[in-house]
Amino acid sequence: MVEELTQADAAVAACVDAAAWALSEQDLIAALDAAHRLEQRLAAVTLTLIRELDGRGTATAHGASSTTVWLRERLHLTITAARRLVDLASTLDTAHPGIRQALADGQITVDQAQVITDTATTVHAAAGPEAADKAVSLLTDWAGQFDPIHLRKLGTRILDHVAPDLADAAAEAALDAEAHRATRDRHLTLSTLADGRLRLTATLDTETAGLLRATIDPLSAPSGPDDQRSPGQRQHDALSDVCRLALRTGELPENGGDPAHIVVTTSYDGLTGQLGSGTLDTGLHLTPEAVRRLACDAAILPAVLNGAGQPLDLGRQRRLITGPLRRALVLRDRGCAFPGCDRPPRWCDAHHIHHWADGGTTSLDNAVLLCGHHHRHLHHSDWAVRLAGDGHPEFVPPAWLDPEQLPRRNHYHRRT
């Protein structure tokens, strides 16, 4: 097998540098189909090798705690990807042989193989081996037309085709099995990237997925005609808004004896001079702009540091715009005050028009409500905000957007 795989590796390597531009459209499509089919064949080989290595206890012999951990180190995979390979290799080893053969023939993908295996297991338990054989055959045929998501939906009613007399009872059992799988497979992994950012990988159960969508979807809509964020960026910012709201409620459990909050360390001179970066309690760094934005509406714990970075004095916590002052701000602005934004007050930060680090006062005349997106936007753009003669905020666009720089207001929250 090693010799054959080496030859295949050489053949694939030769294709990498091939001139794809010289192919006709028909040949390009044929090449894509062939590459995809080869990928599934190789997946079948990989799963077979993993199952054999797992059965021999190779990982333990090499000093690893499990095959999953060994694969992560050996193949430089995430722990989630490694666990999925081990689980699928084990499942296919005992599953209907037709599934493994279909994968080896390049007829189905790895994800489709998982769906067919899960469905066949449920059918076998409900209607016996003969019905399971029929289900595998049907689903393998349908795999040429449907992706894994649609294939799983079809699988929930597969007994209508292979065992109609048991379909209704089995449908309930299938839903129970699906709920069990969702509960078993649920996870959320936070992985720190090399540059300090965070990669979030998750598989949510049905209920949690509904909760997340109900929370994220309304917040990830474009905030106005000038919103240039991509859908992914809007969803990212919506998640940030949800976290801010959770922190603002004050109902999160304590962490290490302290209320849940963000701790940022910076120097006073750096903050007032708009030059100093900040450091989170996780060790990650923030830009000076991010530090000043967080300081607008946060619980500040001043830390006076000497030249060597040693704390000389820790001040007591003081909130900037809270209580009666925030309630007055909500009554005045009624939501994000940026023109065209419909975000309600609970999703908003209190922004100091004249920053407190520059001597700005903590007062209604020096504050404005802004949603997370427009708070970031105001700190990183040439827009300016001020209070008009009637005491309501108005925003001055940059000259490149409006040469006359006519002030704009948000009329969404106040129609009259």
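**Reading a predicted protein model**

The model is predicted, and its local features need pLDDT of at least 70 and its side-chain atom pairs 80 or more, while totals for chains, interfaces and linings use all residues. Residues are numbered from 1 along each chain as its sequence is written, and side-chain values use heavy atoms, without hydrogens and water.

User: How many helices and strands are there in the protein?

Analyst: Helices (H or I, at least four residues) and strands (E, at least two) are DSSP runs, numbered from the N terminus. Counted in this way, the protein has 17 helices and 13 strands.

User: What share of contacts between residues at least 6 apart in sequence joins residues at least 24 apart?

Analyst: A contact here means heavy atoms within 4.5 Å. When contacts in the protein between residues at least 6 apart in sequence are taken, the share that joins residues at least 24 apart is 48%.

User: Which residues touch the most other members of the largest nonpolar core?

Analyst: A nonpolar core is a set of buried Ala, Val, Leu, Ile, Met, Phe, Trp, Tyr and Cys residues joined through side-chain atoms within 4.5 Å. The largest has 36 residues, and the ones that touch the most other members are Ile99, Ile108, Val123 and Ile158.

User: Which residues are in contact with isoleucine 158, leaving aside its neighbours within four places in sequence?

Analyst: Isoleucine 158 is among the residues that touch the most other members of the largest core. Once its neighbours within four places in sequence are left aside, isoleucine 158 is in contact with Thr119, Val123, Ala135, Leu138, Leu139 and Trp142.

User: How many residues are in the other core, which lies apart from the largest one?

Analyst: That other core includes Cys336, Cys341, Leu378 and Trp383. Its number of residues is 16.

User: Is histidine 374 buried or exposed?

Analyst: Histidine 374 is found in helix 17, which covers residues 372-379. Beyond its neighbours within four places in sequence, histidine 374 is in contact with Ser223, Cys336, Phe338 and Cys341. Because its relative accessibility is 4%, histidine 374 counts as buried.

User: Which residue in strand 13 is the bridge partner of valine 385?

Analyst: Two strands pair if DSSP finds at least two bridges between them, and strand 12 (residues 384-387) and strand 13 (residues 393-396) pair in the antiparallel sense over four bridges. These two strands form a hairpin with five residues between them, and in the turn glycine 391 has a positive phi of about 85°. The bridge partner of valine 385 is phenylalanine 395.

User: What distance separates the C-alpha atoms of glutamate 52 and aspartate 93?

Analyst: Glutamate 52 is found in helix 2, and with a relative accessible area of 43% glutamate 52 is partly exposed. Along the chain, glutamate 52 and aspartate 93 are 41 residues apart, and their C-alpha atoms are separated by 9.7 Å.

How values were computed. Buried < 20%, exposed > 50% of the residue type's maximum accessible area, 1.4 Å probe, protein only.
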